[in-house]
Amino acid sequence: MPEEKVIIFDTTLRDGEQSPGAALSINEKLEIAQQLAKLGVDIIEAGFPVSSPAQFEATRLIAEQVKGPTIAGLARANTKDIEAAANALAAAKKRRIHTFIATSPIHMKNKLKKTPVEVLKMAVEAVRFAKTFTNDVEFSPEDACRSEMPFLIEILTAVVEAGATTLNIPDTVGYILPYEYGQIIAKLKSDVRGIEKCIISTHCHNDLGMAVANSLAGVRNGARQVECAVNGLGERAGNAALEEVVMAIHTRANFLGARTGINTKEIYRTSQMVSRLTGFVVQPNKAIVGANAFAHESGVHVDGMLKDRTTYEIMTPETIGLGGSRMVLGRHTGRHGFIDRCKHLGFTLSKEETETTYQKFLEIADKKKEVFDEDIAAIINDEIHVVEHLYELEHLRVIIDTGTAPTAEVSIKSKGKSKSASAEGDGPVDAVYEAIRKATGHSPQLESYAIRAVTGGKEALGEATVKIIEKDCTYLGRGVSTDIIEASAKAYVDAINRMMSKKKDKGQGKRIADSV
Ligand code: KIV
Ligand code: ZN
């Protein structure tokens, strides 16, 4: 099937921002809009200008500063709303007024308290008035999917005559199922007079989890614009998720006979930005942009992925701007996955070494949800490269007093003798490390330092991991304690012990040292 362009109309900043708790500042909206332009969306619905001064200002700024996409503003079918939208959009190079009025019996009778004849008149007048500001006018019959088909056809025919250029068919309450939605679009496409001059658009809410499926059913039946929001933000259960719609079209272009102009490599970055600025965390198993969307843990899956990634991936993580797939090492990981990760980290192990470390890995994987690269390096260091403990942390005291630099005192035992030293630092860990350097007489450069909780609760164990460098060799050290400063000190001493051990035993140490 030849692929036709589907316009991506992003409503993250309008419908998305209507999500309870997702309020964005004007500057944050501008930042997102700039990123949406990089993503390559065709239209940004920047806001509902009449609804508040902040909405007006955000729309105005976006219209003035964001180049590339058409900027749209929402307006009810009345002159005040349309004027506000027109004023807010005035600076945009390409602008669209999106006007709407409800057409379902429930909304007309109970909310608007208007007859269908009155609603039709308001819709036509609104479109005509909007046309005096811009040629690009979109009309939405709100709650279209619970409207009566003959009335829907009548009102859409009338607004097309009045000059509407895009006809949007909202499933406002997320009620419809994909097959039905496809039928509605097909029926309107065939029965609304003049519709061939217009773009048919979808706007689906996710109350039954059907927003993306409904939007695609619309595309299959002739819709050439999809309204969607990043991370599926929107009223109640949200709108169709932009990233899912785009990647479905990208992955199944042949079946849908459609393509988009989206730069898919910007998808992940955009999702992260929207999540950070709205404070709406992306669920790990969220399609396309969730942390687990390209993660594999089970032995069978990892094995398949290592042989050919298309066994378990229908699209590559690189397409959405990620660095690569994530092979999660955990208790479901098989030998193949484990060996591959060791190789990837630079370790070449004999058969026996592999067996010993794999068994140790399984023990740890039973206790921890996820085993990280640092854990594997530490297992190999512990099991294969037995380190002589030249230095031992005997005593540690840290004094932190508001207004003065932290001070640390350490006592290090080596070959039966104790040596004490004290030092100040920018922070407590810095002070401890300086004191250890003085006590041991070694000053390797600290390359990285990380701390994380390995168990939960008040008595959580903290695990510190440090990497030190000396003469182009890297050494990893780990320390565990309920006190994170003590864990940090132990990790540093451990790394120095590994460095000394390697100096003593060059052959074995090099392999381990180079690989972390
Ligand atoms: O869901 C809806 O009906 C809307 C319209 C304003 C398009 O958001
Ligand atoms: Zn909506």
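## Terms and basis

Contact means that heavy atoms lie within 4.5 Å. The model is predicted, so local features need pLDDT of at least 70 and side-chain atom pairs count only at pLDDT 80 or more, while totals for chains, interfaces and linings use all residues. Residues are numbered from 1 along each chain as its sequence is written, chains are lettered from A and ligands numbered from 1 in the order in which they are written, and side-chain values use heavy atoms, with hydrogens and water left out.

## Gln65

Gln65 belongs to helix 2 (residues 53-65); helices (H or I, at least four residues) and strands (E, at least two) are DSSP runs, numbered from the N terminus. Leaving aside neighbours within four places in sequence, Gln65 is in contact with Leu30 and Gln34. Its relative accessible area of 34% makes Gln65 partly exposed, where buried means under 20%, exposed over 50%, and partly exposed in between (1.4 Å probe, protein chains only). Between the C-alpha atoms of Gln65 and Ile153, 88 residues apart along the chain, the separation is 38 Å.

## The shell around ligand 1

Oxygen atoms of ligand 1 lie 3.0 Å from a polar side-chain atom of Arg14, 3.0 Å from a side-chain N or O atom of Asp15 and 3.1 Å from a side-chain N or O atom of His203. On its own, ligand 1 has 260 Å² of accessible area, of which the protein covers 94% (Shrake-Rupley method, 1.4 Å probe).

## The zinc site

Which residues coordinate the zinc ion (ligand 2)? Asp15 (OD), His203 (NE2) and His205 (NE2) do, at 2.0 to 2.1 Å. Donors are N, O and S atoms within 2.8 Å of the metal (3.2 Å for Na, K and Ca), and water is not among the atoms, so sites may look incomplete. Along the chain, the donors follow the spacing D-x187-H-x1-H. Asp15 sits in the loop between strand 2 (7-10) and helix 1 (26-39) and His203 in strand 8 (residues 199-204), so the pair ties together parts that are 188 residues apart in sequence.

Asp15 is buried, with a relative accessible area of 3%. His203 is buried too, at 5%.

Note on methods. A polar contact is a pair of N or O atoms within 3.5 Å; within protein, one must be able to donate a hydrogen and the other to accept it, and residues adjacent in sequence count only if both atoms are side-chain atoms.
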